[in-house]
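Open the model in your viewer and keep the sequence beside it. This tour says what to select at each stop and what is found there.

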Amino acid sequence: MSCSPLPVQTRFARDLIIAGARGELLLVLSAFVIEEMRRNVDTKAPRAIPFLETFLSLELVQAVDPHAALVRQVAADIALKDAPIVAGAVKYHRVNSHCDN
C-alpha cells in the first residue's frame, strides 16, 4: 500500500474508492469532509444517504480530526473554507511520518 499522497486530479473518485477497497491505497478524509459529504448528499441526492452510510460503515476510510488550533494555523495560509481539509492532511502526515515521501 502506498503512503505517498496521490493527486486527486489524476483519478476519478470512483477509481480512488475502488483502489482503497482493493487495499492499493489508504483512503483518508478529515471528519469535516465526511460531514460535508453527508450534507451534500442529503441536499442533492437524499435517496443516496443509505449508500453513503453503508460505504462509511465498511471502514475503508480512515477519518482524521485535526485540532482547532491546527485549522487556525493553516487558515493563515489558505482559504478558510479549505483549512479543515488541509489541516486533516497535515495531521495525518505528521502522525504517519514514517512513510517514505
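## Stop 1: helix 5

Select helix 5 and colour its buried residues, which are A83, P84, A87, G88 and Y92. They sit on the same side of helix 5, because they cover an arc of only 165 degrees around the axis. The arc is that of the directions from the helix axis to the C-beta atoms. Buried means under 20% relative accessible area, exposed means over 50%, and partly exposed is in between (1.4 Å probe, protein chains only). Helices (H or I, at least four residues) and strands (E, at least two) are DSSP runs, numbered from the N terminus.

Before going on, note that this is a predicted model, in which local features need pLDDT of at least 70, side-chain atom pairs count only at pLDDT 80 or more, and totals for chains, interfaces and linings use all residues. Residues are numbered from 1 along each chain as its sequence is written, and side-chain values use heavy atoms, with hydrogens and water left out.

Now show what covers the buried residues of helix 5: this includes strand 1 (27-30), helix 2 (31-44), strand 2 (61-64) and helix 4.

## Stop 2: helix 4

Move to helix 4, where L70, V71 and V74 are buried. Look down the axis of helix 4: its buried residues fall within an arc of 100 degrees, so they line one face of the helix. Helix 5 is among the elements that cover them.

## Stop 3: helix 3

Which residues of helix 3 (residues 49-57) are buried? They are L52, F55 and L56. Their arc around the axis is only 95 degrees, which puts them on the same side of helix 3. The cover over these residues includes helix 1 (13-21), helix 2 and strand 2.

## Stop 4: the salt bridges

How many salt bridges does a search of the whole structure find? It finds 3. A salt bridge here is a side-chain nitrogen of Lys or Arg within 4 Å of a carboxyl oxygen of Asp or Glu.

Start with E35 and R38, whose closest N and O atoms are 2.6 Å apart. Both residues lie in helix 2, 3 residues apart, about one turn of the helix. E35 is partly exposed at 38% relative accessibility.

Next, select R38 with E53, a salt bridge in which the closest N and O atoms are 2.7 Å apart. R38 lies in helix 2 and E53 in helix 3, so this pair ties together parts that are 15 residues apart in sequence. With E35, R38 and E53 selected together, you have a network of salt bridges.

Finally, select K81 and D82, whose side chains meet in a salt bridge (3.2 Å, N to O). K81 is exposed, with a relative accessible area of 61%, whereas D82 is partly exposed at 29%.

## Stop 5: a surface patch

Select F32, I78, I85 and V86, which make a nonpolar surface patch of about 270 Å². Patches are made of residues with over 30% relative accessible area and no salt bridge; like charges are joined within 9 Å, and nonpolar side chains (Val, Leu, Ile, Met, Phe, Trp, Tyr) within 5 Å. Accessible areas come from the Shrake-Rupley method with a 1.4 Å probe, and for residues only the protein chains shown count as cover.

## Last stop: the whole chain

Zoom out to see 5 helices and 2 strands, in the order α-β-α-α-β-α-α along the sequence. Of the 101 residues of the chain, 24% count as buried.

Notes. Contact = heavy atoms within 4.5 Å.
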